[in-house]
Amino acid sequence: MIVVEGITKYFGSRKALDNVSFEVKDGEIVGFVGLNGAGKTTAIRTIVGVLKPNSGDALIDGKSIVKEKKEASKNVGWVPELPIFEMDARALDYFVYLAGYYGISKDEALKLGKQLFEEVGLSGRERDKLKTYSQGMKKRFALAVSLISNPKNFLFDEVFNGLDPQGIQFFRDLALKMKKEGRAILFSSHILTEVEAIVDKVVFIHQGKILKVMSMNEIRNLIKSNDVKVVLNQVNENVVQIAQAFGKPELSGNTLLIHDFNGDMSVLVSKLTPYGVLEISRLGGNLEEVFFKVIRGEL
Amino acid sequence: MRPVLYDFKRSFLRLSVLLLLVLFILGGFGLSYSVFHILGINPSAYENLNVAGFSIISPLGTIHVYGIVFNNMGQPVSGTTICVHYSGGVMNTTTSSEGLFNLSIPYSNSSYAIVKYDGMVRNVSLIGGSVALVSGPYVGNVGINGIIHVAKGINNVVLFTNISMFNDLGGLSNPYSPYDPIFIAIMNHNHLVMFTYESLNVSLSFLQANSNVLAVNSSGVVLKEYNFSLKPFTPVYTTIEVPSEANYVSILSNLYSGNTPYSQSPILYTEIVTGYFSAMGLFLDFFPFVVIYLAYAMFAKPRDTGALEFILARPITKGELYMTRFSANAITAIIASFLINISPNVAFILIAGLYLSPQFILLASIIPMTLLLTYLSITYMYASLIKSGGTTLGLGIATYIIIQIAIPVIGFMSGNYTLIEDYIVPASISQAIQSYLEGSTISVNVGLELLSTILWIVVPLVIGYLAFKRKDI
């Protein structure tokens with residue numbers, strides 16, 4: 001569980017975060033949405049202990065990131081938007097190095113590294129230098145490193161940015177899998193339609209302030225349309241059969257429209273995962289509309 | 001793997017560091033060779049081949065030559081070729097496993113021997129008086145050093161020697177005097193070589209005494225005593241323990257007694273050590289650039305690019321991250337300091353069989369080590385205060401140049417050059433270490449030099465540490 005308690009952060013005289021508070025419960029995916037420069041990344045860097053807040057704290061499973069940094073860091077994983085490593089290092093070597101900070105011996109780290117590289121889809125690229133990795137591979141590497149201590153809490157910062165559909169699907173499925181495993185996940189994004197499909201709750205941040213925290217059910221109630229559009233990588237008759245449990249399906253090419261949607265979008269995504277969910281969104285009103293209403297103070 | 005070891009591995013195994021280390025190690029070898037030439041030390045002063053023995057002139061006009069050949073470690077050299085030249089002829093022989101040779105030649109007042117082994121050559125006069133001048137390496141009186149003589153009042157025996165410049169225990173008599181019945185030399189690492197042409201009981205005592213005291217029982221204190229029963233033409237090769245306080249040695253036999261000053265260091269050591277530090281100065285001019293670059297590559301640059309952030313998200317505090325990186329680079333600097341001191345010493349062993357003590361290597365290594373740690377610490381401080389890696393690198397180099405050039409210039413202009421060099425510049429402890437190792441009188445306040453040296457390392461390190469902890473990465 002991640003509890004953010006009144007974090008304020010200044011960069012010089014500029015207030016980047018203003019008394020930011022919210023929480024991410026175990027088994028919950030929380031969307032962290034805001035415009036570019038709203039303070040999402042600053043908040044996440046503070047929560048993982050990279051930045052020190054001027055005031056406030058973040059508790060990771062009850063451990064203070066300010067006062068108990070080492071203990072707290074063991075319980076949180078972080079995949080940055082643009083992961084930066086020491087690029088001349090070879091991936092597995094660097095993994096072993098970082099595993100050292102968790103007190104893991106070289107032999108154990110090599111074994112764990114091979115296993116996690118396979119899990120995140122980097123198998124065969126272990127000996128490559130990090131500078132040869134694509135943006136998506138860097139994010140997968142950051143994920144592998146974050147999984148070293150198998151933490152119960154994860155922060156994904158704009159993780160869909162720069163990823164191909166396969167990469168987006170990988171991280172979306174991963175978040176859903178982690179949710180099922182009871183982990184607490186904070187998912188920051190400014191691509192609201194992507195977040196909408198998987199989150200349980202949305203934290204709206206604007207100009208360093210938390211404007212509103214809303215559950216997806218609350219958001220759904222605000223959205224007039226109840227039709228869902230799903231773009232799949234591949235389709236067959238089973239897709240329609242699956243969709244019937246969520247409303248009235250209509251298949252057109254690779255696009256599935258579900259009228260009168262009645263169910264949990266994350267469950268739908270999970271069931272359609274074998275067919276490659278490229279895009280999922282509500283038609284008509286969506287999170288984006290709600291977001292701008294929140295910013296304008298209309299909600 | 002411990003992160004500090006991994007960071008050390010990454011800093012030490014950088015191509016740039018390895019290349020420079022290899023260059024410096026090779027340079028160390030080269031400079032060691034050049035030290036001998038710069039100082040004008042003749043090969044005969046250090047060549048790893050020594051000869052000593054006796055010529056016994058019979059009344060019938062024959063010279064019986066008995067000699068030994070040994071190396072600078074006081075070990076016999078077997079298979080050495082001995083060519084004895086005399087008026088009207090040349091006679092050859094080789095040494096036995098004990099380094100012994102003997103032969104008889106017709107009397108000639110210009111008899112001499114050429115000793116050859118593995119490319120090394122020494123010449124020695126067999127009859128006394130002027131030494132025969134033949135082509136080949138220098139032949140001269142350097143060979144007299146390290147010999148202890150006991151005189152005997154007979155005139156048909158000549159002691160001949162030509163050995164390297166190890167312990168200068170001579171001075172009792174002329175080695176080419178026809179009155180010496182015994183040859184004693186203390187070679188490298190206290191290896192004793194003794195050779196006599198008749199039975200003798202010899203006592204060798206090492207004393208601590210005030211200067212100019214020549215009587216054993218007056219004010220000198222006997223620290224160690226060795227007794228030997230020597231047989232004619234039977235060499236003794238043994239290792240003795242010489243107390244570190246010993247400054248005199250006493251020789252007592254049934255024929256002769258006397259004292260002579262004893263130096264803990266071979267003469268050769270004293271000769272080369274000055275040149276050694278001159279050569280080391282060349283390394284010290286360049287190596288700080290390497291550690292400044294290391295600090296840039298391992299700390300300033302990753303901080304600038306943001307690579308340290310991902311590391312900091314691991315279970316580590318900012319202070320620990322700073323110290324881990326610094327320690328890894330410091331280990332590299334320390335190992336480099338030892339390597340650039342060990343390589344010349346390996347060369348000295350190869351050239352002259354001269355082993356410098358671990359204490360020498362340790363102390364000599366402190367000189368580059370303190371200098372390198374100072375500039376490592378300063379560059380880390382800049383990297384903590386300034387985020388730009390390029391600026392940090394520039395400042396590190398500029399600081400080095402200013403300190404090495406500008407401060408001494410200020411010293412010259414203000415008339416305080418000595419004061420500045422002794423106490424103000426980084427690694428000033430090197431002044432005391434160098435003086436100590438050269439055996440010269442230390443006229444500086446060692447405590448102050450040590451304090452100054454430590455402060456140059458610790459103060460920037462602490463400032464950098466505190467700044468890094470406080471500032472946003």
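1. Two residues are taken to be in contact if their C-beta atoms, placed from the backbone, lie within 7 Å. In this predicted model, among the contacts in chain B that link residues at least 6 apart in sequence, 66% join residues at least 24 apart.

2. Chain B holds 10 helices and 16 strands, and 46% of its 473 residues count as buried.

3. One helix pair in chain B can be described in some detail. Helix α6 of chain B, which spans residues 358-385, and helix α7 of chain B, which spans residues 389-414, have axes that come within 9 Å and cross at roughly 140°, and the crossing of α6(B) past α7(B) is right-handed. From α6(B) the residues B:Y375, B:I378, B:T379, B:Y382 and B:A383 meet B:T392, B:L395, B:G396, B:T399 and B:Y400 of α7(B).

4. Nine residues from domain 1 of chain A and 11 residues from domain 2 of chain A take part in the contact.

5. On the side of domain 1 of chain A that touches domain 2 of chain A, α6 (165-180) and α7 (192-196) of chain A each supply at least two residues, with α6(A) providing the largest share, five residues. The residues of that side of domain 1 of chain A divide into four nonpolar, two polar and three charged.

Conventions:
Residues numbered from 1 in each chain as written. Chains lettered and ligands numbered in written order. Predicted model: local features only at pLDDT ≥ 70, side-chain atom pairs only at ≥ 80, totals over all residues. Helix = DSSP H or I, 4+ residues; strand = E, 2+ residues; numbered from the N terminus. Buried ≥ 20, exposed ≤ 12 C-beta atoms within 10 Å, placed from the backbone. Axes fitted to C-alpha atoms, helices over the stretch in contact; angles between N-to-C directions. Left-handed = near helix turned anticlockwise from the far one by under 90°. Nonpolar A, V, L, I, M, F, W, Y, C, P; charged D, E, K, R; others polar.
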